[in-house]
Amino acid sequence: MTASPALTKPMMVALAEYHESQARYLRNRVASARCDTCAHGGGAHCKKYDMVPPPEVKRIGCEEYEFDNIPF
Ligand code: SF4
């Protein structure tokens, strides 16, 4: 087993900032995870389930949500 390299305070600060930015990114992604940003749908018709999602699902997406890779 190898020892972990020593972390200096600036390295720990940089790591903390990196993780905070990743958490912020993921929170934003979760907030925008809805049918109109889903690769399966685009909002009007869900190709995954071959149906129009009900309004309450359209607003928050479902467990099968996949980001459509369109950043807006
Ligand atoms: S979030 Fe779910 S219901 Fe909505 S389009 Fe994607 S797969 Fe279909």
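Select A31 to begin: with 9 C-beta neighbours inside 10 Å, this residue counts as exposed, on a scale where a residue is buried if 20 or more other C-beta atoms lie within 10 Å of its own, exposed if 12 or fewer, and partly exposed in between, the C-beta atoms being placed from the backbone. What is on screen is a predicted model, in which local features need pLDDT of at least 70, side-chain atom pairs count only at pLDDT 80 or more, and totals for chains, interfaces and linings use all residues. Residues are numbered from 1 along each chain as its sequence is written.

A31 belongs to helix 1, where helices (H or I, at least four residues) and strands (E, at least two) are DSSP runs numbered from the N terminus. Helix 1 is hardly covered, since the count of buried residues in it is zero.

Next, go to D50, which lies in the loop between helix 1 and helix 2 (55–60). D50 counts as exposed, with 7 C-beta neighbours inside 10 Å, and has a positive phi of about 50° although it is not a glycine. Most residues other than glycine have a negative phi.

Moving on to the segment after helix 2, select N69, where phi is again positive, near 65°, in a residue other than glycine. N69 counts as exposed because 7 C-beta neighbours lie inside 10 Å.

Now show the ligand and the 13 residues around it, among which C35, C38, G41, C46 and C62 come nearest; a residue is near a molecule if its C-beta atom, placed from the backbone, lies within 6 Å of it. The shell divides into eight nonpolar, three polar and two charged residues, with Ala, Val, Leu, Ile, Met, Phe, Trp, Tyr, Cys and Pro taken as nonpolar, Asp, Glu, Lys and Arg as charged, and the others, Gly among them, as polar.

Finally, zoom out to the protein, which has two helices and zero strands. Its radius of gyration, taken over C-alpha atoms, is 19 Å, well over the 11 Å that the globule rule (2.2 Å times the number of residues to the power 0.38) gives for 72 residues, so the protein is more spread out than a compact globule.
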